[in-house]
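Please read them alongside the model.

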Amino acid sequence: MEASLLVIPLVLLLLSITANGDRLKVGYYRQTCPQAEEIINDTVTKAFKENPCVPAALIRLHFHDCFVRGCDGSILLDSTADNTAEKDAHVNNLNPKGYEIIDEVKSKLEAKCAGVVSCADLLAYAARDGAYLAGGLFWAVQAGRRDGRISLASEPPLNIPSHSYDVNKLTQVFASKHLSQEDMVTLSGAHSIGASHCAGFSGDRLYNFNGSAGQDPSMNCNYALHLKAKCPPSASPDVLVPFDPVTPTKLDVNYYINLQYNLGLLKSDQELISDDATSREVKINAKYPTIWRKKFGRAMVKMGANDVLTGSQGEIRKHCRYVN
Ligand code: HEM
Ligand SMILES: *[C@@H]1O[C@H](CO)[C@@H](O)[C@H](O)[C@H]1NC(C)=O
Ligand SMILES: *[C@@H]1O[C@H](CO)[C@@H](O)[C@H](O)[C@H]1NC(C)=O
């Protein structure tokens, strides 16, 4: 047999290993930048003390990074004269605070150990530290990602799930990122913190349900009234509404409890109880916080391994906003 025939399956095997993130490991910077995790945690903790919205911003950043071109820090790159980057896509209306914290941590890391810690890993650690601050959740972060050099505004709309998707569509998007339906329900619990702009739900849930002039019948009436007061049709695009009206800054299972009372904010949230399988997951998570917390950590690790660059792929950016 020709040698080239053997090379092809070998290359495919190596590619699949990379796609699953098997080369990532816990304690990746132990030798090369021993203070990395501490520097990140300290900076995130300090920022959180000034602003309780920090964990939500950081967790969403990591999610939006991982769903577009894998977890490669592409969300952090700034647009340039000849390229509009991911962060400037409409669906990436992220809290700018997140980017500022990442810049601050990165400059501290560069001062201590230049060119060692990738921006993609930084996002994974910062999201974990945010989850600890917002809810006492903890998981060991696997690292060793490298940073990508490509970031295109055209890609987020094709990869980030929309608030108007139904369970089937949501499940498909997560499957395309190597995440199960159970992972999807587990990770959606991140919507127990943070906020949404009125525009993200007022159309399909308050004023224009299914193309009619009315509100979504699957929403609790009093909640709809409350939301209509916060988001009148004339609301400024800057108005934000917390996902969890009960414990808005606490990462907890209240999200799942709320869904059972029809207090989900987005259509994509409330949809989770319209389907038997996802509804079952919602009930389990609502009832067993300890189980959900463990599953959330595991699912974040899984999401964080999505299509990562490792070895000599990509680069370690010096500044998270610019390629080297
Ligand atoms: C299931 C599909 C999902 C959809 C359709 C979705 C959609 C959205 C939308 C529309 C917003 C509000 C954006 C705005 O108006 O500012 C939002 C916020 C947020 N999402 Fe999701 N999301 C999903 C899954 C996830 C996952 C998997 C995570 C993380 C594990 C996550 C974390 C967050 C967080 C933390 C916020 C609040 C951000 C902040 O307040 O700064 N979401 N999401
Ligand atoms: C981050 O810092 C907090 C507060 O000092 C600490 O309790 C927590 O264990 C730290 N997390 C990690 C991952 O080291
Ligand atoms: C939405 O509208 C379509 C067509 O008008 C109708 O067939 C469908 O049943 C409606 N869906 C819901 C959930 O009301």
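1. The shell around ligand 1 divides into 13 nonpolar residues, 10 polar and one charged. Here Ala, Val, Leu, Ile, Met, Phe, Trp, Tyr, Cys and Pro count as nonpolar, Asp, Glu, Lys and Arg as charged, and the others, Gly among them, as polar.

2. This is a predicted model, in which local features need pLDDT of at least 70 and side-chain atom pairs pLDDT 80 or more, while totals for chains, interfaces and linings use all residues. Residues are numbered from 1 along each chain as its sequence is written, chains are lettered from A and ligands numbered from 1 in the order in which they are written, and side-chain values use heavy atoms, without hydrogens and water.

3. In total, 24 residues surround ligand 1, and the closest are Arg-60, His-191, Gly-194, Ala-195 and His-197. A residue counts as near if one of its heavy atoms lies within 4 Å.

4. The iron atom of ligand 1 has His-191 (NE2) as its only protein donor, at 2.0 Å. Donors are N, O and S atoms within 2.8 Å of the metal (3.2 Å for Na, K and Ca); water is not among the atoms, so sites may look incomplete. His-191 lies in the loop between helix 8 and strand 3; helices (H or I, at least four residues) and strands (E, at least two) are DSSP runs, numbered from the N terminus.

5. Helix 3 gives the most residues to the shell around ligand 1, namely five.

6. Ligand 1 lies between domain 1 (2-159) and domain 2 (167-302), because both give residues to its shell. The domain bounds come from an automatic or database domain assignment.
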